[in-house]
Amino acid sequence: MRELTFREALNEALDEELGRDGDVFLMGEEVGAYNGAYKVSKGLLDKYGSKRVIDSPISELGFAGLGVGAAMAGLRPIIEVMTWNFAILAMDQIVNTAAKMRYMSAGALKCPIVFRGPNGAAHSLAAQHSQFFEAQYAYFPGLKVIVPGTPADAKGLLKSAIRDDDPVCFMESETMYAWKGMVPDGEYTIPIGVGDIKREGSHCTVVAWGRALKLAMDGAEELAKQGIEVEVVDPRTIRPLDEEIIVNSVRKTGSCVIVEEGWPYFNVGSTISDIVQRACFDVLDAPVMRVTGGDVPMPYSMALEKLARPDASSVVETVKLTLNVR
């Protein structure tokens, strides 16, 4: 095991897959000469050349479409969007072409492509650059959506995404690239659609993914000091969702709190809540509760942004409310 940053783990995954398969290529704004807007592709242009690591113009719809065509022709493109906020401009290619190609061609055509880049809020980037899109893409049949919460998961899941025959949206929190974590040595992959218990507990299940996982873990640490043992479940993949690991945990603890940074209406937590209520109604000691971001466009002001984002204290308060602990 080695300690790597999130960006170093992603870089290793890209490097290993580019080296393993000559059909894999990386394309996006500043991925080559600039080594990536967040330095995830550092050194890859020098190692693999400009035919495998391709700088594109600022034209999300165009280079997403080029990637979709390349995937249908037999290559395995990785399309880096500088931020998922800009990927709104490429929605037609991602949703209307990549997601539906296998279905509309009755299985004759596949689209093995990865769309990846930073998702969510950073710090004071304001309303147009601070949005959480996992719920949006998970809505569409045909897309797989991955939101890793640790460097080890990021590496293993990105390698699996690149090898997958379906289009995958791989979303990395913009504030996590410098976060460190232990990463296994050597070759490994993590299967898509398999969640992970990040902390064992018996009093309440907390479901969280991406950056929200750290809020859940910090909250669990504080709750443990008060005698409350929380089980933290990280689904890692939003679609397909590992329903079994969530349901089994809730049936063990009898309660559930879902933590996400996105807006409160029509989000991922709504679907997980529905699953838990139907599968665990007979064992639930309290309604399923959710911790989310505020129902507002993200403010530019640092002070207001803090108020619009969930934190570990809101996890603590919601778990105690669920358990009726004062």
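Me: What makes the largest nonpolar core a core, and which residues have the most contacts inside it?

Reply: A nonpolar core is a set of buried Ala, Val, Leu, Ile, Met, Phe, Trp, Tyr and Cys residues joined through side-chain atoms within 4.5 Å, where buried means under 20% relative accessible area (1.4 Å probe, protein chains only). The largest such set here has 47 residues, and those with the most contacts inside it are Trp84, Phe115, Tyr137, Ile246, Ile272 and Val276. Elements that each supply at least two residues of this core include helix H3 (60-72), helix H4 (91-98) and strand E7 (168-173). Apart from it lies another core of 31 residues, among them Val40 and Ile192. This is a predicted model, in which local features need pLDDT of at least 70 and side-chain atom pairs count only at pLDDT 80 or more, while totals for chains, interfaces and linings use all residues. Residues are numbered from 1 along each chain as its sequence is written, and side-chain values use heavy atoms, with hydrogens and water left out.

Me: What is Phe115 in contact with, beyond its neighbours within four places in sequence?

Reply: Contact means heavy atoms within 4.5 Å. By that test the partners of Phe115 include Ala64, Val68, Trp84, Ile94 and Phe170. Phe115 is also the bridge partner, in E5, of Ile79.

Me: How do you know that strand E4 and strand E5 pair?

Reply: Two strands pair if DSSP finds at least two bridges between them. Strand E4 (residues 76-80) and strand E5 (residues 114-119) have three, in the parallel sense, so they pair. Both belong to an open sheet of seven strands, ordered E3-E2-E4-E5-E7-E6-E12 with mixed pairing.

Me: Why are H3 and H4 called roughly parallel?

Reply: Their axes, lines fitted to C-alpha atoms over the stretch in contact, come within 8 Å and cross at roughly 30°. Angles run from 0 to 180 degrees between N-to-C directions, and those under 35 degrees count as roughly parallel. H3 and H4 are therefore roughly parallel to each other. Leu61, Ala64, Gly65 and Val68 of H3 meet Asp92, Gln93, Thr97 and Ala98 of H4.

Me: What makes strand E10 "mostly covered"?

Reply: Five of the five residues of strand E10 (residues 204-208) are buried. Cys204, Val206 and Ala208 point one way, and Thr205 and Val207 the other way. E10 also pairs with strand E11 (residues 230-234) in the parallel sense over four bridges, and Val207 has Val233 as its bridge partner there.

Technical notes:
Buried < 20%, exposed > 50% of the residue type's maximum accessible area, 1.4 Å probe, protein only. Parallel < 35°, antiparallel > 145°, perpendicular 65-115°, else oblique.
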